[in-house]
Amino acid sequence: MRFVLALAVALVLVPAAAACPNAADLEGELICPTCKTTLDQSDAPAARRIKSLIRQRVAECASEQQIKDELVAQFGPAVLAAPPKKGFHWIVWLLPPMGILAAATVISVLVWRWSRARGDEAVADSNGRPPLDPELERRLDRELARFDG
Amino acid sequence: MAGRLKVAAQVVALALVAGLFALLVWKVATQEEGAAPKLGRGETPAAPAFHLDRLDRPGKLSLAAYRGRPVVPNFWASWCVPCKQEAPLLESVWRRYRDRGLVVLGVDINDLRGDARRFARQNKMSYPLVYDGPGKTTTQYGLTGVPETFFVARSGKLVCDRVEAGVHLEGNKERFEDCVEEVLGA
């Protein structure tokens with residue numbers, strides 16, 4: 001009976017504990033308002049106070065979003081190291097993958113054109129002249145065979 | 001066809017570079033210069049306006065609400081040690097001159113609201129206090145740190161150079177009191 005009770009308590013507590021955010025992670029995602037670096041890189045008095053507040057809220061098991069919202073309410077959106085995924089801020093999230101996609105497209109087109117040009121070159125002879133006419137080539141083979149014979 | 005495509009790509013690339021350059025020029029040209037450097041050059045710029053949440057009571061407060069009265073905006077934060085040390089002098093100046101219309105206005109910047117309220121209570125600050133957590137006024141006034149104290153004449157213009165560091169400090173105290181007299185007389 002006692003074992004079943006302990007198991008039930010553990011099943012309730014473990015997911016709750018897992019839901020608590022990590023203070024160190026949060027410190028890497030928030031900016032110190034006075035020195036403009038992330039909190040984990042700052043030892044400024046303002047940063048120390050915010051870190052202390054984060055640890056207190058983490059101990060109370062406030063969610064990551066709750067803690068961030070509370071800090072944004074006091075320091076504004078500039079306290080977030082990454083811009084929020086809404087409104088005009090989306091441009092910051094969309095531009096890099098769009099740039100990578102555009103670059104990949106350009107490189108693909110260039111590689112395709114280059115390989116096609118190489119294919120055309122391959123059928124030309126080493127002097128860059130077009131291949132022989134098939135009839136002429138057959139005639140040449142016959143003549144060479146006569147010399148070999 | 002390929003030639004046209006190449007020209008179009010070059011035009012797009014040039015337009016992008018020109019756009020980025022224009023953005024840079026616009027940013028530099030419209031960058032607001034804080035009030036402090038102007039004061040340092042001997043100018044008397046208008047005190048930058050602000051409309052902020054009150055810290056000492058509910059509601060908001062504008063600097064414009066004190067137009068026609070001499071104002072001493074003092075920028076502070078609860079995590080700043082000299083701010084604690086200068087608070088008694090600011091409080092005594094406020095009590096001494098408020099009958100003559102002087103307003104000492106505490107502007108709490110880059111701070112946690114709860115910490116700031118506790119600090120004000122502990123240091124018995126009875127003058128009006130506003131809260132600027134994001135620190136927007138730091139750029140407007142050209143602050144380099146806290147504490148810093150400015151002087152706004154009845155005309156709404158900043159006069160006298162700002163006092164950097166605590167007003168209670170040797171070398172600052174006399175200048176602070178002279179500047180208070182100057183705004184009271186202006």
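## A tour of chains B and A

Select chain B. Its open sheet of seven strands has the order β2-β1-β5-β4-β3-β6-β7, with mixed pairing. Here a strand is a DSSP run of E with at least two residues, a helix is a run of H or I with at least four, and both are numbered from the N terminus. Two strands pair if DSSP finds at least two bridges between them.

Now look at the sheet's edges, β2 (60-62) and β7 (163-164) of chain B. Each has a single partner strand, so one side of each is left without a neighbour in the sheet.

Before going on, note that this is a predicted model: local features need pLDDT of at least 70, side-chain atom pairs count only at pLDDT 80 or more, and totals for chains, interfaces and linings use all residues. Residues are numbered from 1 along each chain as its sequence is written, while chains are lettered from A and ligands numbered from 1 in the order in which they are written.

**Inside the sheet.** Select residues 103-109 and 129-132 of chain B. These are strands β4 and β5, which pair in the parallel sense over four bridges.

**The domains of chain B.** Colour 1-31 as domain 1 and 35-185 as domain 2. These bounds come from an automatic or database domain assignment. How many Å separate the centres of the two domains of chain B? Taken over C-alpha atoms, the separation is 46 Å.

**Where the chains meet.** Show both chains. Ten residues of chain B are in contact with ten of chain A. Contact means that the C-beta atoms, placed from the backbone, lie within 7 Å. On the chain B side, five are nonpolar, three polar and two charged. Nonpolar covers Ala, Val, Leu, Ile, Met, Phe, Trp, Tyr, Cys and Pro; charged covers Asp, Glu, Lys and Arg; the others, Gly among them, are polar.

**Chain A.** Chain A has six helices and zero strands. Of its 149 residues, 14% are buried. A residue is buried with 20 or more other C-beta atoms within 10 Å of its own, exposed with 12 or fewer, and partly exposed in between; C-beta atoms are placed from the backbone.

**Last stop: Ala44(A).** Find this residue in the loop between α2 (23-29) and α3 (45-59) of chain A. Ala44(A) counts as partly exposed because it has 17 C-beta neighbours inside 10 Å. Leaving aside neighbours within four places in sequence, Ala44(A) is in contact with Cys32(A), Thr34(A) and Cys35(A). Finally, select Gln74(A), 30 residues from Ala44(A) along the chain; their C-alpha atoms are separated by 18 Å.

Conventions: Contact = placed C-beta atoms within 7 Å.
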